[in-house]
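Please walk me through this protein by question and answer.

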Amino acid sequence: MKKAFLALTLSALISAPATADIHLSPEVKIGAYNGFGLQAGLTDTLGFDAVFVSYSRTEYKKLNYDEKIDTYRIGAQHMFGASKIHGLQIEFGLADYDGQKNWSGAGETKTSKGASIGASYIFQATPNLGLRAGGDFNAFRSSDTFVPHDLSPNLNIGMTFTF
């Protein structure tokens, strides 16, 4: 599945116009699972203000639990109005879960693959700098994780840079 993700990403970048700028957006993820993320892509591509791939890692390490979730998504950004100050990002992709539960010398390990979606509001402060706030959800098959309700929501705070 990761090979298909890379192939789709490469085809999008190859079909991009030569006048496109680079879009980079680091983020901090806050919730039961804390972590980081990064978007990288091109502006003014495929009819969107930005098209990008994103990667994130969130972790939960407390008491007897040691869990991590890696996400791989493809997304697009659309800015609204004549001034293009406000915008929306939508992302879809995959999530990989890895978790361990240890107690009294015995342990249990679970792994799962699931779906990942995200959405963010963009405020474009300057032509090259934007502020981003949003959320994402990762959903996994029931009983394949230690995640309560098999869903891990996060809030995201980040910045967008255009070069």
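This is a predicted model: local features need pLDDT of at least 70, side-chain atom pairs count only at pLDDT 80 or more; totals for chains, interfaces and linings use all residues.

Residues are numbered from 1 along each chain as its sequence is written, and side-chain values use heavy atoms, with hydrogens and water left out.

Student: Is Thr 145 buried or exposed?
Tutor: Thr 145 sits in the loop between strand E7 (129–139) and E8; strands are DSSP runs of at least two residues, numbered from the N terminus. Buried means under 20% relative accessible area, exposed over 50%, and partly exposed in between (1.4 Å probe, protein chains only). Thr 145 has 6%, so this residue is buried.

Student: Which backbone nitrogen does the side chain of Thr 145 reach?
Tutor: Look for a polar contact: a pair of N or O atoms within 3.5 Å, one able to donate a hydrogen and the other to accept it, where residues adjacent in sequence count only if both atoms are side-chain atoms. At 3.2 Å, the side chain of Thr 145 reaches the backbone nitrogen of Val 147.

Student: Is Ile 74 buried, partly exposed or exposed?
Tutor: Ile 74 belongs to strand E4 (residues 65–80). Its relative accessible area is 26%, so Ile 74 is partly exposed.

Student: How far apart in space are Ile 74 and Ser 54?
Tutor: In sequence, Ile 74 and Ser 54 are 20 residues apart. From C-alpha to C-alpha, the distance in space is 6.3 Å.

Terms used. Helices (H or I, at least four residues) and strands (E, at least two) are DSSP runs, numbered from the N terminus.
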